[in-house]
Structure formats: C-alpha cells, structure tokens
Amino acid sequence: MTDSNDNIRLDKWLWAARFFKTRALAKDAIEGGKVHYEGQRCKVSKTPELGAKLTIRQGFDEKTVIIKALSGQRRGAAEAQLLYEETPASIKARMDAAEHRRIIRASQLVPDHKPNKKERRDQRRFEQMNQDY
C-alpha cells in the first residue's frame, strides 16, 4: 500500500481493490455512470483521496465504500479489503435487496424441464390464438 501523495487513478484503485477484474472494466463502469465519487459522477482519471465515499453499482448490488488506503498494485483479496470499508447501511441494504430477490424468485414457478418441440409448437399456437382476439 502506498501513501496518499502518489497519484493513482480511480480506475486503477478500483482494479487494485478488486471491484473489477480489469482496468478496462473499471473504466467502462466509471464512464457508464456506475461509479460515483462523493455523490457525483466522476472521470476515470480522478485521484481518489483517503476518507472519500464511493458508490459502486455492480449488477443488482450497490455498494457504498469509504477509501481507507491507496494502492496501485493488485494483490490478494485479503489485502484488497484493507483498501476500503463498506458502510453498515450499504451492507444492510444489499442484504435486504438479496433477501427480496430470493423471495421473488421462490414465488415464481420454475418449469422442471425445457419445453420440447411439440410443447413449443403448442405454446406458439396458443399465443397466436390469444393474439387474434
């Protein structure tokens, strides 16, 4: 880990903190508005500062983290977790959202098999018949 005087780009920090597998993915996420620095959209070349708050959206999850250390080197997951701290509110919101998704998924009917050719044909016929009315 380096001291705060080094100029590290935000995409490089996100890559080193293991939020993204490559710097290109980190860059695309920042440019796509999936990463907010102190509540504002930012550029890839933004220099992160200690204590700054980042909001990172990945898939269904949105994490709010506080930068604890700066590093431009990608190391093991245990060392990467020392670079940031996720806020308790963020952890609770992610857990609640995951539980909600689990409940929704459990309430949906899941077919026990993939439809075969006859079942697909019958389904298409049924949909066309209902479309005409």
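Trainee: What radius of gyration does the protein chain have, and what would a compact globule of 133 residues have?
Mentor: This is a predicted model. The radius of gyration of the protein chain is 22 Å, whereas a compact globule of 133 residues would have one near 14 Å.

Trainee: And what does the C-alpha trace span along its principal axes?
Mentor: The C-alpha trace spans about 70 × 30 × 30 Å.

Trainee: How many of the residues count as buried, as a percentage?
Mentor: Of the 133 residues in the protein chain, 27% count as buried.

Trainee: What about contacts between residues 24 or more positions apart?
Mentor: Such pairs make up 45% of the contacts in the protein chain that have a separation of 6 or more.

Trainee: How many positive and negative side chains are there?
Mentor: There are 28 positive and 19 negative side chains, and the centres of the two sets are 5 Å apart.

Trainee: Turning to secondary structure, how many helices and strands are there?
Mentor: The protein chain has five helices and five strands. Along the sequence they follow the pattern α-α-β-β-β-β-α-β-α-α.

Trainee: In what order do the strands form the sheet?
Mentor: The sheet is open, with the order β2-β1-β3-β4-β5 and antiparallel pairing. Strands β2 (40–41) and β5 (84–86) are at the edges with a single partner strand each, so one side of each has no neighbour in the sheet.

Trainee: How many bridges pair β1 with β2?
Mentor: Two bridges pair β2 with strand β1, residues 35–37, in the antiparallel sense.

Trainee: Where is Arg18, then?
Mentor: Arg18 is in the loop between α1 and α2 (23–31). Arg18 is not a glycine, yet has a positive phi of about 65 degrees. With a relative accessible area of 39%, Arg18 is partly exposed.

Trainee: Back to the sheet: how many bridges join β3 to β4?
Mentor: Six bridges join strand β3, residues 53–58, to strand β4, residues 61–67, and the two run antiparallel. Within this pair, Leu54 stands opposite Val65 in β4.

Trainee: What do β3 and β4 form, and which glycine is in the turn?
Mentor: β3 and β4 form a hairpin with two residues between them, and Gly59 in the turn has a positive phi of about 65 degrees.

Trainee: And how many bridges join β4 to β5?
Mentor: Three bridges join them, and β4 and β5 run antiparallel. Ile67 stands opposite Tyr84 in β5.

Trainee: One last topic: is Asn7 buried or exposed?
Mentor: Asn7 has 71% relative accessibility, so it counts as exposed. Asn7 lies in the segment before α1 (10–16).

Trainee: How far is the C-alpha atom of Asn7 from that of Gly76?
Mentor: The two C-alpha atoms are separated by 22 Å, and Asn7 and Gly76 are 69 residues apart along the chain.

Note on methods. Residues numbered from 1 in each chain as written. Predicted model: local features only at pLDDT ≥ 70, side-chain atom pairs only at ≥ 80, totals over all residues. Heavy atoms only, no water. Helix = DSSP H or I, 4+ residues; strand = E, 2+ residues; numbered from the N terminus. Rg over C-alpha atoms; globule rule 2.2 N^0.38 Å. Buried < 20%, exposed > 50% of the residue type's maximum accessible area, 1.4 Å probe, protein only. Contact = heavy atoms within 4.5 Å. Lys, Arg positive; Asp, Glu negative; His and termini not counted. Charge placed at Lys NZ, Arg CZ, Asp CG, Glu CD. Pairing = 2+ DSSP bridges.
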